[in-house]
Amino acid sequence: MNIETDVLVVGGGVAGCATAYYLAREGVEVVLIDRGDVNAGASGANAGSIHSQMYYHNFNTRSAEWIDAFAPVLPLLKLSSEVWQELAAELDRDIELVIAGGLMVAETADQLRLLERKVAFENGHGIASTILSASELATLAPYISDRMVGAEFCPYEGKVNPLLATVAIAAAAKRLGARILPLTDLEAWAPAKQGFEAHTNRGRIHS
Ligand SMILES: Cc1cc2nc3c(=O)[nH]c(=O)nc-3n(C[C@H](O)[C@H](O)[C@H](O)COP(=O)(O)OP(=O)(O)OC[C@H]3O[C@@H](n4cnc5c(N)ncnc54)[C@H](O)[C@@H]3O)c2cc1C
């Protein structure tokens, strides 16, 4: 193998396949390699949850400085939910995306107070999360234990099927001209006079 390309993407998980897809959509010549196969790593073996709120654990245990430093991520989480929805409409197959909102429940009054503070923080950074009372929670999600005293509801959250999503994105990238090479392991790379020289188990790729 001796390949010249504009861009080499290493790794056929959701990050690499999406990078290849968006580059190919812009007309960039792109080669994606994976030492195994597309979607054989974490991207094909996760819970498929699309999160747009801050983790309770982080809000509860991190320092005020850490939480402030995290704040710019919140609008990106909302944006990522929108990107998933655009993607689901663009791809030629169903990736079982459902954005129906996500809950974080409180078992105690203390936890609910913390969620109220979390919601206020998120609202200040572009996330329209709200607090549900116990009865509102029971109406929205009757399967949840009636021991819960309330919950946070974040409207942008949802699920995608991890067995389908990355594979569909890779197929779309391919249709747009991206070359996808499985069983191609990046063993070394170095800056070249122009661009980069990548050495794989199957030969050289210059990008
Ligand atoms: C149990 C679990 C549950 C999770 N749940 C969620 C969730 O609900 N929601 C969420 O958003 N995230 C979740 N995640 C995290 C999410 O799965 C990862 O953040 C995401 O899949 C990372 O994608 P990636 O493309 O960076 O990596 P990967 O999907 O791991 O892909 C990396 C690819 O790179 C290839 N590679 C590595 N080195 C080389 C090399 N030298 N040459 C060629 N190829 C190489 C690998 O073979 C692999 O295919 C979860 C993760 C786990 C493990």
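The paragraphs below go through the cores, the ligand shell and a sheet.

The model is predicted: local features need pLDDT of at least 70, side-chain atom pairs count only at pLDDT 80 or more, and totals for chains, interfaces and linings use all residues. Residue numbers start from 1 along each chain as its sequence is written.

The largest nonpolar core has 27 residues. Such a core is a set of buried Ala, Val, Leu, Ile, Met, Phe, Trp, Tyr and Cys residues joined through C-beta atoms within 7 Å, where buried means that 20 or more other C-beta atoms, placed from the backbone, lie within 10 Å of a residue's own. Two or more residues each come from β2 (7-10), α1 (14-25), β3 (30-33) and α7 (165-175); helices (H or I, at least four residues) and strands (E, at least two) are DSSP runs numbered from the N terminus. Among the residues with the most contacts inside this core is Ala20. Beyond its neighbours within four places in sequence, Ala20 is in contact (C-beta atoms, placed from the backbone, within 7 Å) with Val9, Val30, Leu32, Ala173 and Ala178. Another core lies apart from this one and has 16 residues, including Met104 and Leu112.

Around the ligand there are 22 residues, counted when the C-beta atom, placed from the backbone, lies within 6 Å of it. Gly11, Gly13, Gly41, Ser43 and Asn46 come nearest. The helix α1 gives the most to this shell, with three residues.

An open sheet of four strands runs in the order β1-β13-β12-β11, with mixed pairing; strands pair if DSSP finds at least two bridges between them. β1 (2-4) and β11 (186-191) each have a single partner strand, so one side of each is left without a neighbour in the sheet. Strands β12 and β13 pair in the antiparallel sense over four bridges, and Ala198 stands opposite Ile205 in β13.

Note on methods:
Buried ≥ 20, exposed ≤ 12 C-beta atoms within 10 Å, placed from the backbone. Contact = placed C-beta atoms within 7 Å.
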